[in-house]
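Here are my notes on the model, as numbered points.

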Amino acid sequence: MKVAIFISSRGSNMQALVKASQEEGFPAEIVTILSNNPDAGGLEFAKAHNIPTKVINHRDYDNRDDFDAAINEYLEGMQIDLICLAGFMRLLTADFVNRWRDSIINIHPSLLPAFKGLHVHERAIESGARFTGCTVHVVRPEMDDGPIIAQAAVPILQKDTPESLAARILEQEHKIYPLALKLMAQRKVKIHGSIARIEGCVESEASLLNPEA
Ligand code: GRF
(Lines give C-alpha, C1' and ligand atoms only; values in the text may rest on other atoms or scores of the structure.)
Protein backbone atom coordinates (compact mmCIF):
# COMPACT_ATOMS: atom_id res chain seq x y z
CA MET A 1 0.00 0.00 0.00
CA LYS A 2 1.44 3.37 -1.06
CA VAL A 3 0.96 6.06 1.57
CA ALA A 4 1.18 9.86 1.53
CA ILE A 5 1.52 11.70 4.83
CA PHE A 6 0.25 15.29 5.06
CA ILE A 7 1.87 17.62 7.59
CA SER A 8 1.84 21.33 8.41
CA SER A 9 4.59 21.74 10.98
CA ARG A 10 6.66 19.62 13.39
CA GLY A 11 5.71 16.23 12.04
CA SER A 12 6.45 14.02 15.05
CA ASN A 13 3.59 11.68 14.15
CA MET A 14 4.90 11.52 10.60
CA GLN A 15 8.29 10.52 12.02
CA ALA A 16 6.67 7.75 14.08
CA LEU A 17 4.90 6.46 10.95
CA VAL A 18 8.08 6.55 8.88
CA LYS A 19 10.07 4.72 11.58
CA ALA A 20 7.39 2.02 11.89
CA SER A 21 7.19 1.62 8.12
CA GLN A 22 10.92 0.94 7.95
CA GLU A 23 10.57 -2.12 10.16
CA GLU A 24 10.77 -5.41 8.30
CA GLY A 25 7.46 -6.72 7.06
CA PHE A 26 5.52 -3.48 7.60
CA PRO A 27 2.67 -3.65 5.10
CA ALA A 28 2.78 -0.03 3.88
CA GLU A 29 5.33 2.16 2.14
CA ILE A 30 5.51 5.90 2.82
CA VAL A 31 6.16 7.30 -0.64
CA THR A 32 5.73 11.03 -0.06
CA ILE A 33 5.42 13.69 2.62
CA LEU A 34 3.21 16.57 1.54
CA SER A 35 3.07 19.90 3.36
CA ASN A 36 0.96 22.99 2.81
CA ASN A 37 3.61 24.94 4.72
CA PRO A 38 7.02 25.37 3.07
CA ASP A 39 8.60 25.91 6.50
CA ALA A 40 7.24 22.76 8.14
CA GLY A 41 10.00 21.32 10.33
CA GLY A 42 9.04 17.77 9.39
CA LEU A 43 10.20 18.30 5.80
CA GLU A 44 13.83 18.17 6.94
CA PHE A 45 13.32 14.78 8.56
CA ALA A 46 11.70 13.46 5.38
CA LYS A 47 14.57 14.69 3.23
CA ALA A 48 17.12 13.17 5.63
CA HIS A 49 15.32 9.83 5.22
CA ASN A 50 15.21 10.09 1.43
CA ILE A 51 11.44 10.31 1.29
CA PRO A 52 10.19 12.56 -1.52
CA THR A 53 8.62 15.77 -0.21
CA LYS A 54 6.11 18.02 -1.87
CA VAL A 55 5.00 21.49 -0.84
CA ILE A 56 1.61 22.63 -2.08
CA ASN A 57 1.16 25.99 -0.42
CA HIS A 58 -2.49 26.85 0.16
CA ARG A 59 -1.57 30.54 -0.14
CA ASP A 60 -0.87 29.99 -3.84
CA TYR A 61 -4.51 29.10 -4.50
CA ASP A 62 -7.60 31.29 -4.63
CA ASN A 63 -9.88 28.80 -2.94
CA ARG A 64 -10.06 25.40 -1.27
CA ASP A 65 -11.34 23.67 -4.40
CA ASP A 66 -8.28 24.66 -6.41
CA PHE A 67 -5.90 23.77 -3.56
CA ASP A 68 -7.50 20.35 -3.11
CA ALA A 69 -7.50 19.76 -6.89
CA ALA A 70 -3.74 20.40 -6.95
CA ILE A 71 -3.22 17.92 -4.11
CA ASN A 72 -5.44 15.37 -5.82
CA GLU A 73 -3.53 15.64 -9.08
CA TYR A 74 -0.23 15.09 -7.26
CA LEU A 75 -1.56 12.06 -5.35
CA GLU A 76 -2.99 10.47 -8.46
CA GLY A 77 0.33 10.97 -10.24
CA MET A 78 2.06 9.20 -7.34
CA GLN A 79 -0.54 6.39 -7.40
CA ILE A 80 -1.25 6.85 -3.71
CA ASP A 81 -3.58 4.37 -1.98
CA LEU A 82 -3.88 5.91 1.47
CA ILE A 83 -3.47 9.36 3.03
CA CYS A 84 -2.41 9.89 6.65
CA LEU A 85 -3.14 13.36 8.02
CA ALA A 86 -0.56 14.05 10.72
CA GLY A 87 -0.96 17.54 12.09
CA PHE A 88 -2.25 18.82 8.73
CA MET A 89 -3.91 22.10 9.61
CA ARG A 90 -6.12 22.61 6.55
CA LEU A 91 -9.71 21.49 6.23
CA LEU A 92 -10.22 19.35 3.12
CA THR A 93 -13.27 19.90 0.93
CA ALA A 94 -16.12 17.38 0.95
CA ASP A 95 -15.38 16.66 -2.72
CA PHE A 96 -11.80 15.70 -1.91
CA VAL A 97 -12.77 13.61 1.12
CA ASN A 98 -15.45 11.80 -0.88
CA ARG A 99 -13.01 11.15 -3.75
CA TRP A 100 -10.73 9.43 -1.20
CA ARG A 101 -13.51 7.87 0.85
CA ASP A 102 -12.21 5.36 3.42
CA SER A 103 -8.67 6.11 2.25
CA ILE A 104 -7.84 9.07 4.53
CA ILE A 105 -7.04 8.66 8.21
CA ASN A 106 -6.31 11.33 10.82
CA ILE A 107 -4.97 11.59 14.34
CA HIS A 108 -6.62 13.89 16.86
CA PRO A 109 -5.39 14.51 20.42
CA SER A 110 -8.60 13.70 22.30
CA LEU A 111 -10.90 10.76 22.83
CA LEU A 112 -13.32 11.53 20.00
CA PRO A 113 -16.14 12.37 19.80
CA ALA A 114 -15.15 14.56 22.78
CA PHE A 115 -13.19 17.76 22.19
CA LYS A 116 -13.20 18.13 18.43
CA GLY A 117 -11.40 21.13 16.97
CA LEU A 118 -8.61 23.26 18.43
CA HIS A 119 -7.22 23.95 21.95
CA VAL A 120 -8.25 20.46 22.98
CA HIS A 121 -5.88 20.11 25.94
CA GLU A 122 -6.99 23.38 27.57
CA ARG A 123 -10.60 22.41 27.04
CA ALA A 124 -10.09 18.90 28.41
CA ILE A 125 -8.47 20.27 31.59
CA GLU A 126 -11.17 22.94 32.02
CA SER A 127 -13.91 20.34 31.61
CA GLY A 128 -12.85 18.53 34.77
CA ALA A 129 -12.78 15.22 32.88
CA ARG A 130 -10.54 12.58 34.46
CA PHE A 131 -9.43 11.10 31.15
CA THR A 132 -8.64 12.32 27.68
CA GLY A 133 -6.36 10.73 25.08
CA CYS A 134 -5.99 10.39 21.34
CA THR A 135 -7.85 8.88 18.42
CA VAL A 136 -7.03 7.69 14.93
CA HIS A 137 -10.11 7.77 12.73
CA VAL A 138 -11.22 7.48 9.14
CA VAL A 139 -11.85 10.96 7.76
CA ARG A 140 -15.32 12.19 6.83
CA PRO A 141 -16.19 15.66 5.52
CA GLU A 142 -17.13 16.96 8.99
CA MET A 143 -14.08 18.02 11.02
CA ASP A 144 -12.70 15.36 13.41
CA ASP A 145 -15.51 13.01 12.49
CA GLY A 146 -15.48 9.45 11.16
CA PRO A 147 -15.15 5.79 12.17
CA ILE A 148 -12.68 5.25 15.03
CA ILE A 149 -9.79 2.86 14.35
CA ALA A 150 -7.70 3.16 17.54
CA GLN A 151 -7.71 5.13 20.76
CA ALA A 152 -5.52 5.48 23.83
CA ALA A 153 -6.77 6.97 27.10
CA VAL A 154 -4.56 9.27 29.17
CA PRO A 155 -5.45 10.43 32.71
CA ILE A 156 -5.72 14.16 33.39
CA LEU A 157 -3.70 14.92 36.51
CA GLN A 158 -4.50 17.77 38.89
CA LYS A 159 -1.08 19.30 38.28
CA ASP A 160 -1.43 19.10 34.48
CA THR A 161 -0.88 22.10 32.25
CA PRO A 162 -1.98 21.93 28.61
CA GLU A 163 1.70 21.40 27.75
CA SER A 164 2.32 18.52 30.18
CA LEU A 165 -0.90 16.82 29.13
CA ALA A 166 -0.09 17.29 25.43
CA ALA A 167 3.32 15.69 25.95
CA ARG A 168 1.86 12.56 27.58
CA ILE A 169 -0.81 12.27 24.90
CA LEU A 170 1.79 12.67 22.15
CA GLU A 171 3.65 9.61 23.46
CA GLN A 172 0.46 7.60 22.96
CA GLU A 173 -0.17 9.17 19.54
CA HIS A 174 3.17 7.81 18.40
CA LYS A 175 2.02 4.30 19.36
CA ILE A 176 -1.53 4.22 18.05
CA TYR A 177 -0.91 5.91 14.70
CA PRO A 178 1.56 3.27 13.43
CA LEU A 179 -0.79 0.58 14.73
CA ALA A 180 -3.77 2.11 12.91
CA LEU A 181 -1.78 2.46 9.68
CA LYS A 182 -0.71 -1.16 9.92
CA LEU A 183 -4.30 -2.32 10.41
CA MET A 184 -5.45 -0.24 7.43
CA ALA A 185 -2.64 -1.57 5.23
CA GLN A 186 -3.48 -5.12 6.27
CA ARG A 187 -7.09 -4.32 5.25
CA LYS A 188 -8.26 -5.41 8.68
CA VAL A 189 -10.35 -2.27 9.22
CA LYS A 190 -13.90 -2.93 8.06
CA ILE A 191 -16.24 0.04 7.97
CA HIS A 192 -19.89 -0.48 8.82
CA GLY A 193 -21.64 2.88 8.60
CA SER A 194 -20.13 5.08 11.28
CA ILE A 195 -18.27 2.22 12.98
CA ALA A 196 -14.92 0.65 12.11
CA ARG A 197 -14.44 -2.93 13.23
CA ILE A 198 -11.06 -4.63 13.32
CA GLU A 199 -11.18 -7.98 11.57
CA GLY A 200 -9.43 -10.91 13.15
CA CYS A 201 -9.29 -9.43 16.66
CA VAL A 202 -10.55 -11.24 19.70
CA GLU A 203 -13.18 -9.23 21.55
CA SER A 204 -10.76 -8.11 24.27
CA GLU A 205 -8.45 -6.58 21.64
CA ALA A 206 -11.12 -5.11 19.44
CA SER A 207 -11.25 -1.68 21.04
CA LEU A 208 -7.45 -1.30 20.75
CA LEU A 209 -7.46 0.95 23.79
CA ASN A 210 -3.93 1.56 25.10
CA PRO A 211 -2.30 -1.11 22.95
CA GLU A 212 1.10 -2.30 24.10
CA ALA A 213 2.40 -1.87 20.56
C1 GRF B 1 -0.75 16.17 17.14
O2 GRF B 1 -1.10 16.40 18.47
C3 GRF B 1 -1.92 15.63 16.36
O4 GRF B 1 -2.75 14.81 17.13
C5 GRF B 1 -2.67 16.87 15.96
O6 GRF B 1 -1.67 17.81 15.68
C7 GRF B 1 -0.48 17.48 16.41
C8 GRF B 1 0.60 17.34 15.38
O9 GRF B 1 1.86 17.10 15.96
N10 GRF B 1 -3.56 16.60 14.86
P11 GRF B 1 3.03 16.58 15.05
O12 GRF B 1 3.20 17.57 13.91
O13 GRF B 1 2.69 15.21 14.55
O14 GRF B 1 4.24 16.56 15.95
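Predicted model: local features only at pLDDT ≥ 70, side-chain atom pairs only at ≥ 80, totals over all residues.

Where is Pro113 found? The first point takes this up.

1. Pro113 lies in the loop that runs between S5 and helix H5 (120-127).

2. Asp102 sits in the loop between helix H4 (94-99) and S5.

3. Which residues are around the ligand? They are Arg10, Gly11, Ser12, Asn13, Gly87, Ile107, His108, Pro109 and Glu173. Sorted by class, this shell holds five polar, two nonpolar and two charged residues.

4. Two elements, helix H1 (12-21) and strand S5 (104-108), each contribute at least two residues to the shell. At the level of domains, domain 1 (1-100) and domain 2 (106-213) each provide at least three of the shell residues.

5. A polar backbone atom of Gly11 is 2.8 Å from an oxygen atom of the ligand. For Asn13, a backbone N or O atom lies 2.9 Å from a ligand oxygen atom. Ile107 brings a polar backbone atom to 3.1 Å from a nitrogen atom of the ligand.

6. How much of the ligand's accessible area does the protein cover? On its own the ligand has 360 Å² of accessible area, and the protein covers 85% of it. The space that the ligand takes is the largest pocket.

Definitions and conventions
Residues numbered from 1 in each chain as written. Heavy atoms only, no water. Near = heavy atom within 4 Å. Polar contact = N/O pair within 3.5 Å; in protein donor to acceptor, adjacent residues only side chain to side chain. Areas by Shrake-Rupley, 256 points an atom, 1.4 Å probe, with all protein chains shown as cover. 1 Å grid on protein atoms, 1.4 Å probe; cavity = no way out; pocket = protein on both sides within 12 Å on 5 of 7 lines; lining within 4 Å. Sits in = over half its atoms within 2 Å of the grid points. Helix = DSSP H or I, 4+ residues; strand = E, 2+ residues; numbered from the N terminus. Nonpolar A, V, L, I, M, F, W, Y, C, P; charged D, E, K, R; others polar. Domains from an automatic or database assignment.
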